[in-house]
Amino acid sequence: MSTEFMRPPSPIADESADGLKATLDAQRSDFLRAGSPSVALRRDRIDRLILLLTEGAEEFSDALNADFGNRSYPVNLLSEIAGIMPDITASRRHLDKWMRPDRIKSATLMGMPTVVEKKPLGVVGIIGPWNFPVGLVAQPAASALAAGNRVMIKFSEVTHRTAEVFAAKVAQYFDPTELVVVTGGAEVGAAFSELPFNHLFFTGSPRVGAIVASAAAKNLVPVTLELGGKNPAVIAPDADVPATARRVMAARLANGGQVCLCPDYAFVPRAQVETFAAAALAHGKVAASGDGEAGLVSIVDTKNYDRVCALIDDARSRGATVRDSGTGSDAARRRLAPTVVLDVNDDMRICREEIFGPVLTVLPYEALSEVYDYIAARPSPLAVYWYGPNGSRLDEFRQKTLSGGVGINDFAIQCAMMAAPFGGVGHSGSGAYHGKTGFDTFTHHRTVTATRLPFSFATLITPPHSRMMTRGLQAYIGWERRAAARRLGRRGPESA
């Protein structure tokens, strides 16, 4: 490891549009000058990122608790640092293998030896969210550094105390031509989105993701979008409903409900709705009974607290039945009692908008076909959850739903499998990361081919064309036509 990783803090990047462009230009210039970094340098950068996170754990936790108003020390350590560390260390460990060129054996046999190089893209931009502000910028940054890129991070202004700590730490451990952090509000975010990066990675809401993708498109910048959506939890007809209700409510309360993977609504067999609601609220009461750090995570700010309350009020005004855990809400501390909303319909905003709070809507069903039709008629979510036994019903659930991932009988476990891709589909995002998928996301796979053939391809496609070549092409096309016809069980036109 470099002995210079603890350098004096350098100035935070100039956050004007010109300043951001100057920072990008400096990173790109240094990248082009230095060329593709060695495995040793990539590991050095990853180790510095690990030290940044682990040595700063206490400061990050304090800042996060202050930003949220209440967010416990264990939650901060798990969600922001310990939870992402296996992915980062695995990337470090596997770099040698991932960086090796792939040799295409069939091409060599054809007399055209071909390798696929793993080239870094250049400068990667990362725009992070406020719900897990450290972990959801550090993890893609680690993948981008492993792939050999330089990185610029736009930190969320909502968690501004954490942003200040993170930016200062990055300036201590990294030269600004390697990794740099900018903060600032919406104007800075808009200017950041418009920079001509080699790749832009965004985590956040679908609404903002559309704006970011539109801005990046002006420069033809490829974008990975990690978004959210209305994630359904489907309770099987033969599930243990009380036990399942406790699990689903626990998932809904994770991080105060402020997780893109939280279940937004639960489909429950009609005869079991009351049992489910009672068990869910009982668990919510236990979870919300603590005070201080023992209590639920607070809603991050007044704007978001008021937004969630407005969703509940709108549903109630339109005929929904609203029940809470009886533990009381506290607007001053932005803490909502765990809530279940019944008798909902699509006229209510709560059925159309992602909730991002400790509120779960419950929909009854008679047949699972109703559930699949409902889910299919809406934008594809980041996750779908099945609670119940394995078997043919689960197989049907997997076959008839489209989502970023699937969790079976628990929350977010599909995201916790760091060696597997994590990402959305359609409205819930595009592209993926984690493990080797993250390395590949920030890598250009460049094909390099030589030739040992005694002739040139160029001469085949320029005049004069020989009659032998024309007949050969006709014969080959005819052979493929007859083969396809045989596979389809019918004769070609010439033998009909």
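## Close-up views of a predicted model

View 1. At least three lining residues of the second largest pocket come from each of domain 1 (17-228 + 434-446) and domain 2 (232-402). The domain bounds come from an automatic or database domain assignment. Here a pocket is an open set of points on a 1 Å grid over the protein atoms alone, with protein on both sides within 12 Å along at least five of seven lines, and lining residues have an atom within 4 Å of a point. This is a predicted model, in which local features need pLDDT of at least 70 and side-chain atom pairs count only at pLDDT 80 or more, while totals for chains, interfaces and linings use all residues. Residues are numbered from 1 along each chain as its sequence is written, and side-chain values use heavy atoms, with hydrogens and water left out.

**View 2. A closer look at the second largest pocket.** It holds about 770 Å³ of space, where a volume is the space filled by probe spheres set on grid points joined across faces, edges and corners. Among its 31 lining residues, Ser79, Phe132, Val259, Ala412 and Cys415 lie nearest the centre. Helix 4 (73-82) is the biggest contributor, with four residues; helices (H or I, at least four residues) and strands (E, at least two) are DSSP runs numbered from the N terminus. The lining divides into 20 nonpolar, eight polar and three charged residues, with Ala, Val, Leu, Ile, Met, Phe, Trp, Tyr, Cys and Pro taken as nonpolar, Asp, Glu, Lys and Arg as charged, and the others, Gly among them, as polar.

**View 3. The largest pocket has a volume of about 1400 Å³.** Its lining has 49 residues, and Trp130, Gly204, Ser205, Arg207 and Val208 lie nearest its centre. Helix 10 gives the most, with five residues, and strand 6 (199-203) is one of the elements that supply at least two. By class, you will find 23 nonpolar, 14 polar and twelve charged residues here. Domain 1 and domain 2 each provide at least three residues of this lining too.

**View 4. The largest nonpolar core has 110 residues.** Such a core is a set of buried Ala, Val, Leu, Ile, Met, Phe, Trp, Tyr and Cys residues joined through side-chain atoms within 4.5 Å; buried means under 20% relative accessible area, exposed over 50% and partly exposed in between, with a 1.4 Å probe and protein chains only. Leu53, Ile153, Phe166, Leu261, Phe276 and Ile350 have the most contacts inside this core. Helix 7 (residues 135-146) gives the most to it, with eight residues. Phenylalanine 166 touches Leu52, Leu53, Phe60, Val134, Val137, Ile153, Phe155 and Val181, leaving out residues up to four places away in sequence, where contact means heavy atoms within 4.5 Å. Another core, of 19 residues, lies apart from the largest one and includes Val182, Phe192, Phe197 and Phe202.

**View 5. Alanine 147 sits in the loop between helix 7 and strand 4 (150-154).** This alanine counts as buried because its relative accessibility is 1%. Beyond its neighbours within four places in sequence, alanine 147 is in contact with Arg42, Pro120, Phe439, Phe442 and Thr443.

Technical notes:
On a 1 Å grid over the protein atoms alone, a cavity is a set of points where a 1.4 Å probe fits but cannot get out, and a pocket is an open set with protein on both sides within 12 Å along at least five of seven lines; lining residues have an atom within 4 Å of a point.
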